Amino acid sequence: MKHGRFTYLLTGMALWLAGGSGEVRAQQRGVPSETLSAAWAPVKVEHYIGVRGGYAMGSIRFEPTRQTKMKMGLMVGGITYKFDVPAQKYVGCIEADVNWSQKGYRVHRYFDSEEVSERVWNVIEVPILWQPYLPLSKGGSRFYLSAGPYVSYAIDSRFKEFNEVTGEVIERGKYEYDPTRDNRWEYGVTFGAGFLVAIRRFSISAEFRYNIGLSDVYKGVTKYEGNPFRSPADQMAITLGLNYKIRMHR
């Protein structure tokens with residue numbers, strides 16, 4: 001009797017070392033082997049890199065309120081990386097970008113004035129976005145949303161003062177940053193929506209994004225006399241992108 005128990009024990013240990021003990025115990029509980037294979041199958045993960053570029057327009061929210069207008073004709077472009085787990089279709093993917101982007105605004109010297117001051121600045125921007133999507137085909141085409149934070153750093157800036165009615169330029173030139181007056185670093189949140197069409201390993205996307213500034217372009221009046229209390233900058237952009245699937249696990 002003791003010899004039989006010892007043999008049974010040795011047999012069980014051998015099955016465990018061979019990696020089959022879990023399956024044997026599961027089958028003893030009535031779990032099909034096909035279910036076990038699916039549970040232990042590697043998760044399908046897809047990685048994409050790409051480029052994007054397009055048209056943008058900017059504005060600023062001064063406090064106290066001033067008469068401002070959208071600055072049109074701005075540009076945006078950059079490189080993108082996407083991490084996707086298609087099997088988890090309600091989870092979405094993560095996208096991280098490194099963008100070169102222009103921000104700007106127009107402001108009247110005072111309400112109903114014909115004289116307008118305009119400023120444009122170039123920034124390096126890094127958004128990290130969650131993109132839940134609705135699959136439209138087995139090939140990967142989808143409609144998606146975007147949401148997440150961004151941070152940016154201003155490289156340089158230019159200004160122009162002109163008469164809005166006559167178009168006469170009063171003054172223009174390089175905007176000189178003053179560390180006591182200006183903030184080069186900005187941060188905020190991005191919201192957007194887009195459409196992606198997959199063509200084998202390539203995909204083409206069209207997307208609208210709205211960047212809402214949470215920081216101030218100019219430091220507060222308590223740090224620099226004459227500055228506004230608040231001055232967050234916003235940006236709207238429409239871009240086209242081209243992506244390439246660089247890695248896929250099954």
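Guide: We will go from the whole chain to single residues, and the model is a predicted one.

Visitor: What secondary structure does the protein chain have?

Guide: The protein chain has 3 helices and 11 strands. Reading along the sequence, the pattern is α-α-α-β-β-β-β-β-β-β-β-β-β-β.

Visitor: How many of the 250 residues count as buried?

Guide: The buried share is 39% of the 250 residues in the protein chain.

Visitor: And what share of the contacts join residues at least 24 apart?

Guide: Among contacts between residues at least 6 apart in sequence, 65% join residues at least 24 apart.

Visitor: Which residues make up the largest nonpolar core?

Guide: There are 12 residues in the largest nonpolar core, including Ile60, Phe62, Tyr105, Trp121, Tyr175 and Tyr218. Strands S4 (93–108) and S5 (115–131) each supply at least two residues of this core. There is also a second, separate core of 5 residues, and Ala56, Leu74, Val120 and Ala237 are among them.

Visitor: Back to Tyr218. What does it touch?

Guide: Leaving out residues up to four places away in sequence, Tyr218 touches a list that includes Ile60, Phe62, Tyr105 and Tyr175. Arg119, Arg181 and Asp182 are also among the residues that Tyr218 touches.

Visitor: Which strands supply the lining of the largest pocket?

Guide: S4, S5 and strand S7 (142–163) each supply at least two residues of that lining.

Visitor: And what is the lining like by class?

Guide: By class, the lining has 8 nonpolar, 6 charged and 3 polar residues.

Visitor: I clicked on Glu46. Is that one buried or exposed?

Guide: Glu46 counts as buried because its relative accessibility is 4%, and the cut-off for buried is under 20%. Glu46 is found in strand S1 (residues 45–60).

Visitor: What does the side chain of Glu46 join in a polar contact?

Guide: The side chain of Glu46 is joined to the side chain of Tyr48 by a polar contact of 2.7 Å.

Visitor: Now Ile204. Where is that?

Guide: Ile204 is found in strand S10 (residues 202–213). At 44% relative accessibility, Ile204 counts as partly exposed.

Visitor: What does Ile204 touch?

Guide: Not counting residues up to four places away in sequence, Ile204 touches Phe195, Leu196, Val197, Ile199, Gly241 and Leu242. Ile204 and Gly50 are 154 residues apart in sequence, and their C-alpha atoms are 9.4 Å apart in space.

Visitor: Which residues have a positive phi?

Guide: Asp112 is one of them, with a phi of about 65° although it is not a glycine. Arg200 is another non-glycine residue with a positive phi, near 55°.

Visitor: Where are Asp112 and Arg200 found, and are they buried or exposed?

Guide: Asp112 is found in the loop between S4 and S5, and Asp112 is exposed, with a relative accessible area of 71%. Arg200 is in the loop between strand S9 (185–199) and S10. Arg200 counts as exposed because its relative accessibility is 80%, and the cut-off for exposed is over 50%.

How values were computed: Residues are numbered from 1 along each chain as its sequence is written. This is a predicted model: local features need pLDDT of at least 70, side-chain atom pairs count only at pLDDT 80 or more; totals for chains, interfaces and linings use all residues. Side-chain values use heavy atoms; hydrogens and water are left out. Helices (H or I, at least four residues) and strands (E, at least two) are DSSP runs, numbered from the N terminus. Buried means under 20% relative accessible area, exposed over 50%, partly exposed in between (1.4 Å probe, protein chains only). A polar contact is a pair of N or O atoms within 3.5 Å; within protein, one must be able to donate a hydrogen and the other to accept it, and residues adjacent in sequence count only if both atoms are side-chain atoms. A nonpolar core is a set of buried Ala, Val, Leu, Ile, Met, Phe, Trp, Tyr and Cys residues joined through side-chain atoms within 4.5 Å. Contact means heavy atoms within 4.5 Å. Ala, Val, Leu, Ile, Met, Phe, Trp, Tyr, Cys and Pro count as nonpolar, Asp, Glu, Lys and Arg as charged, and the others, Gly among them, as polar.
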